[in-house]
Amino acid sequence: MITHEPNPIYVANPDRYKNMKYKRCGKSGVQLSRLSLGLWQNFGAVDSVANARAMLHKAFDLGINHFDLANNYGPNFGSAEITYGTIHKQDFAHYRDELFISSKAGYDMWPGPFGIGGSRKYLVSSCDQSLKRTGLEYFDVFYHHCMDPETPIEETMQALDYIVRSGRALYVGISNYQPEQTKKAAAILKSLGTPLLIHQPRYNMFDRWIEDGLTDVLKDEGVGSIVFSPLAQGVLTNKYLNGIPADSRAARPELIYLNNKDITPEKLEKVKRLNAIAESRGQSLAQMAIAWTLHNDAVTTCLIGASRPAQIEDSVAALNNLEFSAEDIAKIDAIIR
């Protein structure tokens, strides 16, 4: 005899908004949780749906109101959106108006010239496919994932404007655009009547490129930002304090985004020194790295990834100490610059 509910209905933590911090996104009316959950990894067809579900539950229970997808997240391409759609239908549909859900298109997705880039054809088709995979009626924000130098930026921005006007998304964003490209994109979108809401760039202690002009553009234009890779693919954690573990991503030379060539003795020494500062602040290195990204006043929210619910809890604990003394900043700058 069954003694438990085989398909329990998820009920979110009633206190989910009490402790999470929120920040206005640029000059818009949107307020995002200071941490957002990215579904780039661990939500694909090869991953456990039960674990993905547990992570989404944990994130929302802790007040994270932004889930970030892209058309090619997986593996396989599109499967993260399918996973999310399955979970959303069962657990989050009745919370839809509390959630801010995004997807993107720009990188390689399907064969042929219309499966990549920034054309109106690719962006509108991709948005339609993503909506079908997730089962959503609309995205809260739809991004162009990367600048396409072969497509006029006017066409790309007109496509994003159309996606909003046609009801496919409420807002638009861009990702991985350089400062001048961002400025031009914002100007075009403003002229079309669909303001640029948000920019999604890579940013962490070892990759500070956005400080060389982009943050100034974002503040001048009133655009928010959601920064990704705050832990530098795991380098800014305690994982590498004693060298490169045999089972780590950095030990696999075939990986594109992180391999043993990225973990030099000099970088490991910097990680150890940064860890000492984190300990003096009562934080783990990962928590300090996340808090450091949020110390930049141009940053609205930090995009975290996770492989299990406990990692989300650990990341949210970073919000307990977001203040950095001038001495802390000076010490960190001396190490990483």
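I am working with a predicted model, in which local features need pLDDT of at least 70, side-chain atom pairs count only at pLDDT 80 or more, and totals for chains, interfaces and linings use all residues. Residues are numbered from 1 along each chain as its sequence is written, and side-chain values use heavy atoms, with hydrogens and water left out.

**Whole chain.** I looked up the secondary structure and found 10 helices and 10 strands in the protein chain. Helices (H or I, at least four residues) and strands (E, at least two) are DSSP runs, numbered from the N terminus. The radius of gyration is 20 Å, close to the 20 Å that the globule rule gives for 337 residues, so the chain is as compact as a globular protein of that length. That radius is taken over C-alpha atoms, and the rule is 2.2 Å times the number of residues to the power 0.38. I noted the span of the C-alpha trace along its principal axes as about 65 × 50 × 40 Å.

I then checked burial: 55% of the 337 residues count as buried. Buried means under 20% relative accessible area, exposed over 50%, and partly exposed in between (1.4 Å probe, protein chains only). Among contacts between residues at least 6 apart in sequence, 74% join residues at least 24 apart. A contact means heavy atoms within 4.5 Å.

**Helix pair α1 and α2.** I took α1 (residues 49-61) and α2 (residues 79-92), whose axes come within 10 Å and cross at roughly 55 degrees. Axes are lines fitted to C-alpha atoms, for helices over the stretch in contact, and angles run from 0 to 180 degrees between N-to-C directions. The two helices are therefore oblique to each other. Angles under 35 degrees count as roughly parallel, over 145 as roughly antiparallel, 65 to 115 as roughly perpendicular and the rest as oblique. On the α1 side the contact uses Val49, Ala52, Arg53, Leu56, His57 and Phe60, and on the α2 side Thr83, Tyr84, Ile87, Gln90, Asp91 and Phe92. By class I get seven nonpolar, three polar and two charged residues for the contact of α1 with α2. Ala, Val, Leu, Ile, Met, Phe, Trp, Tyr, Cys and Pro count as nonpolar, Asp, Glu, Lys and Arg as charged, and the others, Gly among them, as polar.

**Helix pair α3 and α4.** I found α3 (residues 120-134) and α4 (residues 153-165) packing at an angle of about 30 degrees, with axes 9 Å apart. That makes α3 roughly parallel to α4. Arg120, Leu123, Val124 and Cys127 of α3 make the contact with α4 residues that include Glu155, Ala159 and Ile163.

**Helix pair α8 and α10.** The axes of α8 (residues 285-295) and α10 (residues 326-336) come within 13 Å and cross at roughly 105 degrees. I therefore list α8 and α10 as roughly perpendicular to each other. Met288, Trp292 and His295 of α8 meet Ile329, Ile332 and Ile336 of α10. This contact of α8 with α10 has five nonpolar, one polar and no charged residues.

**Single residues.** Asp328 also sits in α10. I see Asp328 as buried, with a relative accessible area of 13%, and in contact with Ile277 and Arg281, leaving aside neighbours within four places in sequence.

Ser175 is in strand β7 (residues 169-175) and counts as buried at 0% relative accessibility. Not counting residues up to four places away in sequence, Ser175 touches residues including His144, His145, Cys146 and His199.

Asp212 is in the loop between β8 (196-200) and α6 (214-221) and counts as exposed at 65% relative accessibility.

**Backbone.** Most residues other than glycine have a negative phi, and most peptide bonds are trans. I logged a cis peptide bond between Gly74 and Pro75, with omega about -5 degrees. The bond from Pro75 to Asn76 is cis, with omega near -5 degrees. Asn42, not a glycine, has a positive phi of about 75 degrees, and Ala232 has phi near 50 degrees. Ala232 counts as buried at 6% relative accessibility, whereas Asn42 is partly exposed at 25%.
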